[in-house]
Amino acid sequence: MSLTRILTLVVVAAIVTAGWNGQVPAQPYPSRPVRIISPFAPGGGNDALCRILSQRLGENLKQQVIVENRAGANGIVGTEVAARSAPDGYTIVLIPSGHAVNATLYKKLPFDSIRDFSPITLVGSSPLVLAVHPSLPAKNVKDLIALAKARPGQLTYVSAGIGSSGHLGGAQFETLTHTKMVHIPYKGMAVAITDLMSGQVTMTFGTSLSVVPHARSGRLRALATTGTQRSPALPDLPTVAEAGVPGYEASLWYGFVGPAKLPPEIVSRLHSAIVGALQLPDIRERLASQGVDPQHNTPEEFAKLLVSDVERWAKVIQRAGVQAE
């Protein structure tokens, strides 16, 4: 009998003895690299947050964590990739609060903003920052309002796309100040900020992550933040409301979700790893320095936030008459 024949018989005997049922034992999660999708272009706030968290998240999961940018359609392109991925925990996506906006803004999405995702946890929240090119003769919000009224339809503000937080922040500003400005949507904040710093456009209601570093370097002039309270990262800046626009508020949050039907044990594993990273002093310091307040919640709490924000932004969009092109 040949050696090959003997080895084959030994393997078959071992299988029969063990009562093999034809299934390969499942490997513990994660057993290979995990992919984080940033549904926006490199260099923007979402991308920066993904990269700040990815290394420590990888250490907690004991696997490599890869950030993949899939920009387009106000975050819809990359988010769809995550929605259509296998519910095995190897693809998750960092969605901004604009995910809830898209549910109303677009008449037909390639996914259901609630049912096609498994919420994992909130990551942080941040006010937007109203910033202008330094050449603009506006030192504060009141100056900006006066300038906008003197030049109706001439001042421009950029955002990451139609219906993005920056777009709605600008639209709300126009409504409350009775001014008329021109919105210029981009496919991501990185290029938008570059054009703003070069003076091609006037201003932005941008994410803290994309605006703060340039405001500190003097390449942009920050006038105010858009939250209900002053930002710990920019304590000297007033909120838009206290600077002369009562009732104004437009904040942004970020959170991780996976595709629908993600097994509870995998959701729990990811939640634990993400929260662990958020509790590290160096991560909290890096986020805070960029104007992001680190936060986390349970998957159930995050699910409730998604539902309530879809309802809240639907009212704002309808009132402002914002439409996707």
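Guide: A residue is called buried when its relative accessible area is under 20%, and by that cut-off 52% of the 325 residues of the protein chain in this predicted model count as buried.

Visitor: What else describes the protein chain as a whole, in helices and strands and in its span along the principal axes?

Guide: The chain has eleven helices and ten strands, and its C-alpha trace spans about 95 × 40 × 35 Å along the principal axes. Its accessible surface comes to about 15200 Å², with 55% of that belonging to carbon and sulfur atoms. The 29 positive and 22 negative charges have mean positions that are 3 Å apart.

Visitor: What share of the contacts between residues at least 6 apart in sequence joins residues at least 24 apart?

Guide: The share is 78%.

Visitor: Why does I274 count as buried?

Guide: Its relative accessibility is 2%, and the limit for a buried residue is under 20%, so I274 falls within the buried class. I274 has its place in helix α9, residues 264-278, and, with residues up to four places away in sequence not counted, it touches L57, I120, T121, V123 and F256.

Visitor: How far apart are the C-alpha atoms of I92 and S135, given 43 residues between their positions along the chain?

Guide: The C-alpha atoms of I92 and S135 are separated by 41 Å.

Visitor: What makes helix α4 a mostly covered helix?

Guide: Helix α4 runs over residues 98-105, and six of its eight residues are buried, namely G98, H99, A100, V101, N102 and L105. The elements against which these buried residues pack are α3 (76-83), β3 (91-96), β4 (117-132), α6 (165-177) and α11 (299-320).

Visitor: Why does H99, in particular, count as buried?

Guide: H99, whose place is in helix α4, has a relative accessibility of 5%; since buried means under 20%, H99 is therefore counted as buried. Neighbours within four places in sequence left aside, H99 is in contact with T79, F111, S113, F117 and L306.

Visitor: Why is β4 said to be largely enclosed by the rest of the structure?

Guide: The reason lies in the count, because 16 of the 16 residues of β4 are buried.

Visitor: How do you know which strands pair with β4, and in what sense they run?

Guide: Two strands pair if at least two bridges are found between them, and the bridge counts of β4 can be set against that requirement. Strand β9 (residues 251-259) is joined to β4 by nine bridges and runs antiparallel to it, with G255 of β9 as the bridge partner of L122. Strand β7 (residues 203-207) pairs with β4 in the antiparallel sense over five bridges, and strand β8 (residues 221-225) is joined to β4 by four bridges, again antiparallel. V129 has a bridge partner in each of these strands, G206 in β7 and T225 in β8. Strand β10 (residues 293-294) is joined to β4 by two bridges, running antiparallel, and two is enough for a pairing, because the requirement is at least two; here G124 has P294 as its bridge partner.

Visitor: What covers the buried residues of helix α8?

Guide: The buried residues of α8 (residues 208-217) are S208, L209, S210, V211 and V212, and their cover includes α2 (45-61), β4, α7 (189-197), β7, β9 and α10 (281-289). Just after α8, G218 takes a positive phi of about 90 degrees.

Visitor: Which members of the largest nonpolar core touch the most other members?

Guide: Among its 81 residues, these are V141, L144, F173, M203, F205 and F256. A second, separate core has 17 residues, including V211, V212, L234 and L237.

Visitor: Which residues are in contact with F205, leaving aside its neighbours within four places in sequence?

Guide: They are L128, V129, L130, Y157, V158, G166, G169, G170, F173, M181, T226 and Y248.

How values were computed. Residues are numbered from 1 along each chain as its sequence is written. This is a predicted model: local features need pLDDT of at least 70, side-chain atom pairs count only at pLDDT 80 or more; totals for chains, interfaces and linings use all residues. Side-chain values use heavy atoms; hydrogens and water are left out. A nonpolar core is a set of buried Ala, Val, Leu, Ile, Met, Phe, Trp, Tyr and Cys residues joined through side-chain atoms within 4.5 Å. Buried means under 20% relative accessible area, exposed over 50%, partly exposed in between (1.4 Å probe, protein chains only). Contact means heavy atoms within 4.5 Å. Accessible areas come from the Shrake-Rupley method with a 1.4 Å probe; for residues, only the protein chains shown count as cover. Lys and Arg count as positive and Asp and Glu as negative; His and the chain ends are not counted. The place of a charge is taken as NZ of Lys, CZ of Arg, CG of Asp or CD of Glu.
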